[in-house]
Amino acid sequence: MKPDIERLYRQMARMRFFEEAQADLWNRGLVPGEMHLGMGEEAVVAGVLDHLREGDALALDHRSTPPLVARGVDLASMLLEVMGEEEGLCGGMGGHMHLFSREHLAGSSGIVGSSAPMGAGFALAAQYLDQGGIAFSFFGDGAANQGLVLESLNLASAWKLPQVFVCKDNSWAITTRTRSVTGGCLARRAASFGMPSFRVDGTRVERVWTAAEKAVRRARAGRGPSFILASCPRMEGHFLGDPLLRVYKEPLKQAVEIGPPLAKAAFSRPLSALARRCGYLGNIGRTIATLGGERYLTAIDPLLRAARLVPEESRARIEEEARSEVAEAVARAMEGRRRHG
Amino acid sequence: MARMTFAQAVDCALETAMAADERIMVMGEDVTMLRRNLYVRFGPRRVRQTPISEAAFLGAGVGAAMAGLRPVVEIMLVDFIAVAYDALLNEASKVNAFSGGKWNVPLVVRAACGGGYGDGGQHQQCLWGMLAGMPGISVVVPSNPADAAGLMLSALECDHPVVFLEHKLLSDYWLDYLGGASRGTVSFDVPAGGAEGEVAKPPQPVPIGKGRVAAEGSDLSVFSLGVSLHRCLEAASSLAAKGIRAEVIDLRSVTPLDRELIADSARKTGRVLVVDEDYMGFGLSGEVAATVAEAGVEAAFARVCCEGVIPFARHLEEEALPNKRRIIAAALDLVSG
Ligand SMILES: Cc1ncc(C[n+]2csc(CCOP(=O)(O)OP(=O)(O)O)c2C)c(N)n1
């Protein structure tokens, strides 16, 4: 089987443009609170969810909008929701970390790791009802160290649940390099629970698609869960306005705020172990530099990668359609907002 | 004395105590960045980054405390403690009793709590009532920088588990991270007297379990803490303009609760209003009512609390959390009733 690359690219473009619109609303102050975008995860989401069928379930984390866009949830109703409007997907009660669509069997949570057991429950219901449905759980590399996730891997394996675990590995958890707090390798860890574990370059949608095809086939055949570890970039920092990215974007302004207290702490009395303290200061600088550097210098944009696989004429048409779909949703959402404003 | 933000005051208390006591160490997610001023001074041995494994590292905090350390375990937001509840409910709170009083758990759990910045019902809870419901654990909720530093010092000196809750509306860095304050297109109702204030240098301990009269009055007693305390003070000045003198009391600790102060004030005014940002049912507000009743004081009672899941939408959230309008309405009802 071969993927339909135009269909995948269309989904990726829809996710990206939707999130750009969301970011714009957030910057304008129309969306309160945090805003975690899934920019950089589009190939993972599109490659996996291309295999979704009606009746399948989705358990999502705090970057839930791309999967919901791919799933076909009404775009305007999501925009209204993140703006806290009564006409929004969840009546303004959920907000961007807690988007739920019952008709799509899709739920999300801001509690890191909780999409794994929720997905196991969706899968258990699917197995029990025996109507051919399966469940997808999306979570990050940081979440892979959460007890909830590890216990769910075991549960799904022991019960042969029709579940696909998708770990979007952007190598960071807020400001922590996941590698620095993780024992062993995540892909091997999942395999040791007795399930196939696929490791893919999550910036290449066609490769994600191929791995997911195997995982989904296995789940549908009643042979149990699989684990997909897909590497991808975190293009907009942990969340919009990420203070660490800010340090990188406006170094001088931020240095004035962060620098003096740090220097004061490093040189506070008694002045023991000064050399070591300077080393710690350096570690902080390095963390900031890698975070910023990765974003601006080396990040591979999965959307650009996928675009290269699409013939020029259809690419322009797909982008055009996705853009106008999002623009129309924004217009509808703003109209709804005005009506109730 | 020095002027400090709430966050600086807590940092200052920790720094003072860590410099004096080698056994104190801090661990939690992202602490090298969140507590970078402590990190550059004390290094990775004493400021330790954890994986997102709260059940493991809070549980490990209990064990480490039993084995001689004085860990400060950070649960980023108190909502997240749910995945690690065993460590508190069945371990930390029980060791002293189970060992016949021979073994203590000098553990501090630090977590941010509270709402008012549009982060939804999984990130803005208070939960101090639920936490205080466990025997053997103290829960403190400072409402200003001096109390924040003082209660943190006392928590670090305490030989038993203490949960230290830091309201996000008082902590500029949390509002920056979680509220997206940097975009400049949003605003929050931050109580000035809570976010910044004078702190003794070196900071002085504030005893756990002691409340404070924040404003004297004789017509009704208003009990509160955290950010709600400031809402009560604002309400009290509006009530004063109507000739109603409210006594506003900052409880500061949920457990131990300052029952004497509660009973004394209730006896004086005969009217009790509890303003609690935590859930209404089975929590602090009911406990204050029980305290008054058990002291044999006859008093009219009312409460303004959070009654259900905290809504995401700002306008709904504002109504769900205690606000000045609701407090004034409840106070007027009490006084006229
Ligand atoms: C139980 C719990 N602990 C901590 C947090 C705070 N938190 C939110 S997102 C996040 C990092 C998650 O990292 P990862 O799973 O890799 O996802 P990413 O954000 O990198 O996509 C943390 C620690 C939380 N929401 N829930």
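Predicted model: local features only at pLDDT ≥ 70, side-chain atom pairs only at ≥ 80, totals over all residues.
Local features require pLDDT of at least 70 and side-chain atom pairs pLDDT 80 or more, while totals for chains, interfaces and linings use all residues. Residues are numbered from 1 along each chain as its sequence is written, chains are lettered from A and ligands numbered from 1 in the order in which they are written, and side-chain values use heavy atoms, without hydrogens and water.

Chain A is assigned domain 1 (5-235 + 300-340) and domain 2 (243-298). These bounds come from an automatic or database domain assignment. The C-alpha centres of domain 1 and domain 2 of chain A are 33 Å apart.

The ligand lies between chains A and B. Around the ligand are 20 residues, each with a heavy atom within 4 Å. A:H62, A:R63, A:G110, A:G142 and B:E54 come nearest. The shell comprises nine nonpolar, seven polar and four charged residues. Here Ala, Val, Leu, Ile, Met, Phe, Trp, Tyr, Cys and Pro count as nonpolar, Asp, Glu, Lys and Arg as charged, and the others, Gly among them, as polar.

Polar contacts (pairs of N or O atoms within 3.5 Å) were examined next. A polar backbone atom of A:G142 lies 2.7 Å from a ligand oxygen atom. A polar backbone atom of A:V112 is 3.0 Å from a ligand nitrogen atom. A polar side-chain atom of A:N170 is 3.0 Å from an oxygen atom of the ligand. Taken alone, the ligand exposes 580 Å², of which the protein buries 97% (Shrake-Rupley method, 1.4 Å probe).

Terms used
Polar contact = N/O pair within 3.5 Å; in protein donor to acceptor, adjacent residues only side chain to side chain.
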